[in-house]
Every structure is written in structure tokens, then in C-alpha cells.
Amino acid sequence: MKILIYILMAGALVLMIYNATQLNFDALLEGESKTAISLILAGLSCIILLLILLLSKKIEEKKKDS
């Protein structure tokens, strides 16, 4: 499970980097730049949710041990 989470996080990071290359800094809120910004934010939220999942798994392991 842990490996899958790391793979998903890496995929989200790659998509965020790709979408960062699609940004047009002259018109950030128009056309493809608007889509790229929303996808960067979606990737960031995905990474945050996966980090929360990892932390909850660690807490669950510690709770089982004690």
C-alpha cells in the first residue's frame, strides 16, 4: 500500500510539473493557463490527501503496537 501511495504522489508531481510548463504568464487566467492552474491545484490537493493517508497509516501501526 505504501508503494502505491508513493507512486501516486510521484504521478501527481509529474503532472503538476507538466502543467507548470503550460502556463502563459502573460495571461494566467485565460485559456489553457486557467486549466493548467486548476490541474496544478488538483495535483497539490492529491499530494496533501495522500500524505494525510500515510500519516494515518503510521498512527494506526503505532496504535496496534502499543
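Asparagine 19 is buried, with a relative accessible area of 9%. The model is predicted. Asparagine 19 sits in helix α1. Set aside residues up to four places away in sequence, and Asn19 touches Ala36, Leu39 and Ile40.

The chain holds 2 helices and 0 strands. Helix α1 runs over residues 2-21 and helix α2 over residues 32-65. α1 has 20 residues. From its first C-alpha to its last, α1 reaches 29 Å, close to the 28 Å expected at 1.5 Å a residue. α2 has 34 residues. Its reach, first C-alpha to last, is 50 Å, close to the 50 Å expected at 1.5 Å a residue.

Now the overall form. The C-alpha atoms fill a box of roughly 55 × 15 × 10 Å along the principal axes. The radius of gyration of the chain is 16 Å. For a compact globule of 66 residues, a value near 11 Å would apply. Of the 66 residues, 21% count as buried. The chain exposes about 5,300 Å², and carbon and sulfur atoms supply 70% of that area. Contacts also reach along the sequence. Take those between residues at least 6 apart in sequence: 56% of them join residues at least 24 apart.

Which residues of α1 are buried? They are Ile5, Met9, Ala12, Met16 and Asn19. Seen down the axis of α1, these buried residues fall within an arc of 90 degrees, so they line one face of the helix. That buried set packs against α2. On the other side of α1, Ile3, Ile7, Val14, Ile17 and Thr21 are exposed.

Isoleucine 7 belongs to that exposed group. Its place is in helix α1. Buried or exposed, where does isoleucine 7 fall by relative accessible area? Isoleucine 7 has 53% and counts as exposed, because the cut-off for exposed is over 50%. Isoleucine 7 and leucine 54 are 47 residues apart in sequence, and their C-alpha atoms are 13 Å apart in space.

Turn to α2. Its buried residues are Ser33, Ala36, Ile40, Gly43, Ile47, Leu50 and Leu54. They pack against α1. Leucine 49 also lies in helix α2. Leucine 49, however, is exposed, at 58% relative accessibility.

Serine 33 is another residue of α2. Its relative accessible area is 2%, so serine 33 is buried, the cut-off being under 20%. What does serine 33 contact, beyond its neighbours within four places in sequence? The partners are Gln22, Leu23, Asn24, Ala27 and Leu28. Serine 33 and asparagine 19 are 14 residues apart along the chain, with C-alpha atoms separated by 8.5 Å. Serine 33 and leucine 49 are 16 residues apart along the chain, with C-alpha atoms separated by 24 Å.

Next, the core. In soluble globular proteins, nonpolar side chains tend to be buried together. Here the largest nonpolar core has 10 residues. Its members are Ile5, Met9, Ala12, Met16, Leu23, Ala36, Ile40, Ile47, Leu50 and Leu54. The elements that give two or more residues to this core are α1 and α2. The largest share, 5 residues, comes from α2.

Leucine 23 is one of the core residues. Leave aside its neighbours within four places in sequence, and leucine 23 is in contact with Leu28, Ser33, Ala36, Ile37 and Ile40. Ala36 and Ile40 are themselves in the core. Both are also touched by asparagine 19. Serine 33, in turn, has Leu23 among its contacts.

Conventions
Residues numbered from 1 in each chain as written. Predicted model: local features only at pLDDT ≥ 70, side-chain atom pairs only at ≥ 80, totals over all residues. Heavy atoms only, no water. Core = buried A, V, L, I, M, F, W, Y, C linked by side-chain atoms within 4.5 Å. Buried < 20%, exposed > 50% of the residue type's maximum accessible area, 1.4 Å probe, protein only. Helix = DSSP H or I, 4+ residues; strand = E, 2+ residues; numbered from the N terminus. Contact = heavy atoms within 4.5 Å. Expected span 1.5 Å × (residues − 1). Arc of directions from axis to C-beta. Rg over C-alpha atoms; globule rule 2.2 N^0.38 Å. Areas by Shrake-Rupley, 256 points an atom, 1.4 Å probe, with all protein chains shown as cover.
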